[in-house]
Amino acid sequence: MTDVITPPLGGTGILGPPVVEVAEYYGHEEHGPTGLLRWLTSTDHKVIGKSYLITSVILMLIGGLFALVIRLQLASPNSSLVSFAQYNELFTMHGTLMIFLFVGPFAFGGLANYIVPLQVGAPDMAFPRLNALSYWLYLTGSMTMMMGFLVAGGAASFGWVGYAPLSNATNSPGLGGDLWIMALILTGFSAIFTGVNLVGTIFYLRAPGLTMFRMPIFTWNMLVTAILILIAFPVLTAALVMLFCDRHFGTHIYSVQGGGSPVLWQNLFWFFGHPEVYILALPFFGIVTEIIPVFSRKPVFGYKGMVFATLSIAALSTGVWAHHMFTTGVVLLPFFSLLSLLISVPTGIKFFNWIGTMWRGQIHYSTAMLMAIGFLITFLFGGITGVMLASPPIDFFTHDTYFVVAHFHSVVMALVMAAMAGIYYWYPKMTGRMLREDLGKVQFWLLFVGTQVCFMPQYLVGLHGMPRRIAQYTTVPSWQTLNDVSTVGAFIIGASFLVLVINAFQSWRKPVLAGDNPWDAHTLEWFTTSPPPHHNYSHLPPIRSERPTWDYHHPDAPALHPHGEAHPSDGAEKVLGSS
Amino acid sequence: MKIEALVLLGVAVFFGIVGAVYWFTSYEDGGTMMLVGTCLLGLLPGSYYLWWHRRMGDRPEDRSDATVEDGAGQVATFPNSSIWPFVLGMGAFSLVLAFAFGIWFFFPALALMITALIGVTAESRRGGHV
């Protein structure tokens, strides 16, 4: 049976202001198959979200193992741990798995799927069956990608960017490349469907009173991410179809011999690729913007500034694609350099607001908060070197060196820390159980120290001229020391994820129950039970600010201004002292 | 609906301007086409939402003083469980494998996808799940 939404019933809460019983329509008992068939047929956003999270974390662990093999290979100048061909496959698949199959799907497939309907007070995503289809396309796309290792000729080995003419049928023959293309077409459609679903959910299924400027920043960021997905992914899919035609059907879209242009591939790929960087980053900006106010016991500082910064980052990010192509010599350097440099302004506003939120707050250093602070520091390194690389003279000098590798790994490792922050923050909501804080802190320090030990030497070795994607550096053995330090760092990062696995195992064997709102958090998802019931809510609180759950649990706390900012007469101390 | 529409129309305006600047400074056709496409991606749904906003005014979720009772009425219909997304996904999987491994994969792909499309349509018409 489908669940038809009928009018809610009025009622009065016991604790504070009136709440409204909505059990009649949100709290339907789940009915349908059980066991494996339940998983295969589920259209519940929570089940799909958890499937996404688990699948993407498994793929991250696989991609991480590839990285460790790469670092072992580079630990000595002429190591023969893997062959050159295997090395090419490893760095290609490491990049592909992490970018396409972990960071993105973890955020907009997993966390957003689980959290956004809860944060807007919706019973499910707008199109539940489309949502399920997204997950199946993602899962089969991931399987198609991993199949590359099983076929003759091995997996794709032309780098995660698949540059023409290296990726054509002459230079990269074999099934591996075809499977890479087909996998990305599947996961691309999966992302597009999820984007449509998120926009539909946020536009149409918000609870009454939850205006756009009362939405949690995480939901705002997911809306902007969804729009970016709709801008970027169709371009990638089209580019991949044309690449496949070049490989098999005799077209010459990317080959000079037939009148095509290899730079067209770079234009198309990076028109997708740079928004993709922000498709990866914006959800994690949203996660830390949820966590920092909760653990600083303050409302987020500069709510509207955060929203407009997100919108401007997204808009600018779509006009900067050719800063990856400065050295091709056929792009408009001033245009792309200027727009790239401009991105630092809204990002700076975000940093200012994050620090402003913590300023004079009662900071509680939980694991989630530590991970969020680790994100701020590491992302700052990645961001500042990004500003440097946006300048063409520096880019010409450092292009395709380990300096660039270190830059984007600082960025994505910051995102991984934010992902861990999100796991520690929302795990109690998803499972009803806490993760252990002591193990969490061990994981944080291993991850944070490991990241800096791994990637700081890469900045230096890049400035010394070490190119990326080389398996041996026999002619310049002086690079070995820095590479060895980097390898040690990589294994520290690896160890930190073992701690996460142990922590999850502990919560499974020795559960510590979390309760509905273990962090005394602000947003709507903490109002319902942990884990939430089928169709999410049996009650809804009145929504009068961007912190409905906080308002409900702290009726005597100074009210926020109706427009979502602290009322000028309240004073910061009163807001802070209310806990 | 108004802010939703303005967000999308903002996309259209921004990429309209950037697209024009880009064309007249670089005369590069690939990038210009993509920027114009992005402009249209904001323009079409944005103007549609603005039109709906003019027609129906503020919904309860657009008003800052709305109560939960104001949202009374049928919100949406949600399928409880359905096998067809899985079947359609497996069909798409077979379809891409056909491009990689051989034409014979087309037959299960087409069978699965047509079955799933019929199934999902029938399911919606009946208003139930299978």
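Colleague: In chain B, what share of contacts between residues at least 6 apart in sequence join residues at least 24 apart?
Modeller: That share is 59%. Keep in mind that this is a predicted model.

Colleague: OK. How many helices and strands does chain B have?
Modeller: Four helices and one strand. From the N terminus on, the order is α-α-β-α-α.

Colleague: And which domains is chain B divided into?
Modeller: Domain 1 covers 2-63, and domain 2 covers 84-126. Their C-alpha centres lie 35 Å apart.

Colleague: How much of chain B counts as buried?
Modeller: 37% of its 130 residues.

Colleague: Switching to the partner. How many residues of chain B are in contact with chain A?
Modeller: 49 residues of chain B, and they meet 60 residues of chain A.

Colleague: Which elements of chain B each supply at least two residues to that side?
Modeller: α1 (2-26), α2 (29-56), β1 (77-78) and α3 (84-101).

Colleague: Which one gives the most?
Modeller: α3(B), with 10 residues.

Colleague: How do the residues on that side divide into nonpolar, polar and charged?
Modeller: On the side of chain B that touches chain A, 26 are nonpolar, 18 are polar and five are charged.

Note on methods. Residues are numbered from 1 along each chain as its sequence is written. Chains are lettered from A and ligands numbered from 1 in the order in which they are written. This is a predicted model: local features need pLDDT of at least 70, side-chain atom pairs count only at pLDDT 80 or more; totals for chains, interfaces and linings use all residues. Two residues are in contact if their C-beta atoms, placed from the backbone, lie within 7 Å. Ala, Val, Leu, Ile, Met, Phe, Trp, Tyr, Cys and Pro count as nonpolar, Asp, Glu, Lys and Arg as charged, and the others, Gly among them, as polar. Domain bounds come from an automatic or database domain assignment. A residue is buried if 20 or more other C-beta atoms lie within 10 Å of its own, exposed if 12 or fewer, and partly exposed in between; C-beta atoms are placed from the backbone.
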